[in-house]
Amino acid sequence: MTYAIKLTPRSERETMIEKRVNASTEFGEPIFDFRSGTFTPKVISLPINVPLYRMENCRTFSAQQTEIARKGLDKDFFSKGQELSTAQQVQHEILAKLAKKGAESITPIISVLQEDGQREPILISSTGVVVNGNRRLSAMRELLRKSDGSVDERFTNIRCAVLPSDVSRDEIDDIEADLQARPQTKLDYDWIGDARLIRRQVGKGRSSKEVADRLRRSKADIENVLLALDEADLYLSEWLEKPGEYERVQEGQQIFADLPKSIARKDTNLQNASRAIAWSIYENRDKISGRVYRLNAAFGKLAPNVLELLEEELDLSDYQNEDNYDDDFAIDIDSDDATKDYTAIIEALRDDTAKDDVLDTLIDACETVLELDKGKKNEQAALRALSQANSKIAGIDVSYAGTKTLPAMLKQIETIRGTLGKIETAITARQADGKNPQNHLGEG
């Protein structure tokens with residue numbers, strides 16, 4: 001049965017903590033870089049029901065926001081629920097779940113505590129709010145009652161190191177950031193919690209370099225994490241229309257980190273279309289064979305190729321503004337993406353009624369373009385490319401073309417005719433070579 005939260009009134013907590021701190025002769029681990037120096041907190045013992053979970057814990061940010069979004073809770077349910085048993089109970093359940101999670105070569109916290117008991121004190125404020133050790137507290141509370149209903153006396157009282165009574169909110173944030181910078185602590189954070197911590201540090205007016213120095217990381221890493229979080233927020237709000245449900249992006253650290261670099265030099269239309277490709281890939285990652293990141297180029301440098309093929313396969317119209325054409329400007333077939341409107345493709349990818357078929361077409365387009373780019377496409381690649389070009393050219397209706405575009409169209413026809421001549425010559429040479437196998441005698 002889940003531990004039931006019963007709050008001790010704040011005044012009672014503060015009085016109890018103050019008296020025990022004054023009487024204590026035990027000191028905990030020093031806290032470095034605190035007020036330009038080092039602070040060594042006193043350690044006391046408190047009944048396990050006394051401490052409060054800290055609601056601004058970045059480790060639980062993702063789960064909190066998901067709870068708010070899915071259950072329709074007030075946006076400030078957690079931020080204003082520090083002294084409310086309802087919010088503390090939900091926070092306990094979030095933390096207990098985290099305490100039971102392990103990772104490769106990492107034993108779940110609750111298992112360690114069950115085996116060894118409390119090995120080091122948790123860190124609290126003078127009001128009893130846990131600054132470091134929230135998960136350990138939740139685990140010990142879950143272990144308080146044994147499976148047979150009896151009490152595990154090891155957890156009736158817990159050891160706590162206490163911060164000064166005048167510690168500020170900003171100082172507590174910095175302590176959390178400093179603890180996160182420790183290699184043995186960093187693994188405990190999911191990437192959203194890590195990004196949230198960084199965003200909060202930057203929100204204090206600190207530069208990326210200052211935050212990087214505090215967290216012992218590079219400036220580029222800090223900036224990349226923030227950009228990835230921005231992309232995740234955009235995906236949740238614009239694509240899924242489920243803002244705040246961060247658990248939906250927990251597996252997407254790589255793709256959301258790669259997106260900003262992939263679209264950095266693209267125009268707005270192509271950026272939006274590239275995002276639609278990336279988001280569709282991530283949203284349907286379970287249906288894609290192999291590692292998802294192998295398709296990164298499909299929403300990166302090869303996105304125009306993917307979109308062109310996708311448009312052809314889905315039989316979608318491509319909207320062009322004829323005023324973009326210039327009589328004296330020869331349009332480069334490979335670089336006119338800035339004039340394209342990809343709205344029809346984006347909407348097709350978002351259409352739930354035909355999503356499976358469209359996804360299959362998208363993945364096929366991604367695979368085809370990637371294989372062509374690597375020169376590994378099968379023997380039908382050239383024929384398929386010519387068939388697609390022929391189909392596209394056959395669909396051109398000159399009667400609707402703007403007068404200003406006609407000279408540019410003639411230049412394109414001239415370029416295409418020259419390219420086709422080269423292809424035809426190469427095909428003829430291949431055929432002639434195939435009729436004379438003696439040409440290969442003596443080779444290799």
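Start by selecting Asp373 and Lys301, whose side chains meet in a salt bridge (3.9 Å, N to O); the term stands for a side-chain nitrogen of Lys or Arg within 4 Å of a carboxyl oxygen of Asp or Glu. Asp373 sits in helix H16 (residues 355-374), while Lys301 is in the loop between helix H13 (296-299) and helix H14 (303-314), so the pair ties together parts that are 72 residues apart in sequence. Helices here are DSSP runs of H or I with at least four residues, numbered from the N terminus. Now colour by accessibility: Asp373 is partly exposed at 43% relative accessible area, and Lys301 is exposed at 63%. Exposed means over 50%, buried under 20%, and partly exposed in between, with a 1.4 Å probe and protein chains only.

A word on what you are viewing: this is a predicted model, where local features need pLDDT of at least 70 and side-chain atom pairs count only at pLDDT 80 or more, while totals for chains, interfaces and linings use all residues. Residues are numbered from 1 along each chain as its sequence is written, and side-chain values use heavy atoms, leaving out hydrogens and water.

Next, select Asp170 and Lys204, another salt bridge with N to O at 3.9 Å. Asp170 belongs to helix H6 (residues 169-180) and Lys204 to the loop between helix H8 (191-202) and helix H9 (208-215), so this pair links parts 34 residues apart in sequence. Asp170 is partly exposed at 44% relative accessibility, as is Lys204 at 26%.

How many salt bridges does a search of the whole structure find? The count is 37.

Finally, show the surface and select Leu386, Leu420, Ile423 and Ile427, a nonpolar patch with about 300 Å² of accessible area together. Such a patch joins nonpolar side chains (Val, Leu, Ile, Met, Phe, Trp, Tyr) within 5 Å, or like charges within 9 Å, from residues with over 30% relative accessible area and no salt bridge. Accessible areas come from the Shrake-Rupley method with a 1.4 Å probe; for residues, only the protein chains shown count as cover. Helix H18 (residues 406-434) gives the most to the patch, with three residues, and Leu386 is found in helix H17 (residues 381-394).

Technical notes
Helices (H or I, at least four residues) and strands (E, at least two) are DSSP runs, numbered from the N terminus.
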